[in-house]
Amino acid sequence: MGFLRCALSEWPFLRIRLLRTRLGVWLVLLLAVVLRLDRTAAVSDPLAAVLLVAGGGATLCVAYLAGARADRLAIGPALLHPRSPGAMTVGRWLAATGGAAVLVLAAAVHVGIGIALAGLVTAAAMSAWTLALAWSGGNVLVGAWLIWLALAGGQSPEAILAHPHPGPLRCAIAAALEILPGLWRYRGLASADLGAAAHAALWILAGLAIARSRAGRAVVSP
Amino acid sequence: MTSAIQVRGVRRVFPRGWGRPAVVAVAEATFEIGAGEIVCLVGAADAGKTTLLQLIAGVLRPSAGVVRIAGWTVGSDTRRSIGFAPRDPAFPPGFTVREVLEYYARAHAAGREREAQVRDALDASGLSDRASQRAARLPLADGRRLLLAQSLLGGRRIVALDEPFAGLDAVTRRDLCDRLQRLVVTGGSVLLSSADPVGLERLVDRVLVLRAGRLVVDAPATSLLGGRVLEVVLDVPPLEAPPGFRVTATGLEADLGGRSAESALAVCRAHRLSVRASRVRLKTLDEASHDAAEVAPR
């Protein structure tokens, strides 16, 4: 009960940041740009658009809800109250995922339940991983991740390695795409691919565990 | 009766790595604080005051020894009993004062009880009229009040305050002193640290002096503040101070100890110093704690 109450106490972050920062504007802009690009493309790919909205939305939400230096400094004082780092991490993750989920539902309103579910799971995995980045290195890492997502997020490792002489850089990028949460992999969620679902679940757990460990260090130094 | 705060042989060492010797921030600190006491932790910068407060608040784990809050070994459970206000205010950006307190209070209570806690904390800290202001943009004095308010949430009566008066003007200092006194009247206990304890004479019951991580003085404020000082204003500043005196901006100053003021003034006259005015005053807390630390064994 206490865990749930503490986790839910992180929800005001979403409301306050949506209303008082540029987060709301960025989310609407992301949605509009992605949908516009999809509609003007030669071949429309609503699944790719929803996943991009989910990944980008989750990353932006985490950046505004947890990545700022002041937010990270405020973790310590918040944990001086009877609130566990785990509850705080889960709460902030749920808030960020909630923000991205609204965006996903808006993007997937006409494209079917499968794509919408894929978007929601992608948002959950992306926000857990980004939260781990945010509490490890702040918005510098989150910004770098957003750039990675925009440039390489939709590519598959096979496409990167299709070059006749891939070289070490392409191999490294392909390995990163294989391991890290990637939009290409979560396309499988729409067709109930168990591998993609397991990958997303693993990253949700790993991201939350890393973030929880970082939050715990803010209050009790061993 | 259980002490509010009990510190037994607490030691905290920070390893530095690369073969360099570890830093002993707090060495074998032992003391107790009872209900209704205000205790001031005095010492120079880097004396170990903040580390000791963090050990008591559960922010740091002791390398050795034990800290108990209301009889319980310090840990996540004791956060319901002790409130801690760090030196530097850090609140979530975008939140108003009321929202910050509501956010913290959600860890203590729900519904009407939470609302009542927030209201009480706002009243206790004097921030009721600033409740709708952004917390991150508060001036330092109000930031400190908000830190005090959050430390009192959940009905916590034991508070550890790290430099609560640093950088505050005299009016705000006095106001904060009054609020802390009201807290202890109702059975609370306060441990505060100060590198500059000027003006805290009326507030504190006991003084702990830390020097290089070691607790060198633990004495009631009344016993430390009993000393008298003779201040002498001279027409011409002396080249060197007579025995037992020290030179000040306006003349001379001497600890009277068991001497009378007349005998000390006679020393000035014997050195042909023209005395314009003189007065006897009580030692201030910073003088008394400094002197006590000087005579304490190293």
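Hi everyone, some housekeeping before the tour. Residues are numbered from 1 along each chain as its sequence is written, and chains are lettered from A, with ligands numbered from 1, in the order in which they are written. As the model is predicted, local features need pLDDT of at least 70 and side-chain atom pairs count only at pLDDT 80 or more, while totals for chains, interfaces and linings use all residues.

Let's start with chain A. Helices (H or I, at least four residues) and strands (E, at least two) are DSSP runs, numbered from the N terminus. A residue is buried if 20 or more other C-beta atoms lie within 10 Å of its own, exposed if 12 or fewer, and partly exposed in between, with C-beta atoms placed from the backbone. In helix 2 of chain A, residues 12-20, the buried residues are A:Phe13, A:Leu14, A:Ile16 and A:Arg17. They pack against helix 3 (23-40), helix 4 (46-67) and helix 7 (85-107) of chain A, together with helix 2 (97-105) of chain B; contact here requires C-beta atoms, placed from the backbone, within 7 Å.

Now the cores. A nonpolar core is a set of buried Ala, Val, Leu, Ile, Met, Phe, Trp, Tyr and Cys residues joined through C-beta atoms within 7 Å. The largest has 146 residues, and A:Val50 and B:Ile56 touch the most other members. Helix 8 of chain A (residues 113-152) gives the most to this core, 17 residues. Apart from it lies another core, of eight residues, including B:Leu230 and B:Cys268. Coming back to B:Ile56, and leaving aside neighbours within four places in sequence, its contacts are B:Ile5, B:Val7, B:Val67, B:Val74, B:Ala160 and B:Leu191.

On to a helix pair in chain B. Helix 3 (residues 111-125) and helix 4 (residues 140-152) of chain B pack at about 140 degrees, with axes 9 Å apart. The contact involves B:Ala121, B:Leu122, B:Ala124 and B:Ser125 of helix 3 of chain B, and B:Arg145, B:Leu146, B:Leu148, B:Ala149 and B:Leu152 of helix 4 of chain B.

Last stop, phi angles. Most residues other than glycine have a negative phi. B:Glu28, in strand 2 (residues 23-33) of chain B, has a positive phi near 50 degrees. B:Asp46, in the loop between strand 3 (38-42) and helix 1 (49-57) of chain B, has a positive phi near 70 degrees. B:Glu28 is partly exposed, with 14 other C-beta atoms within 10 Å.

Note on methods: Two residues are in contact if their C-beta atoms, placed from the backbone, lie within 7 Å. Axes are lines fitted to C-alpha atoms, for helices over the stretch in contact, and angles run from 0 to 180 degrees between N-to-C directions.
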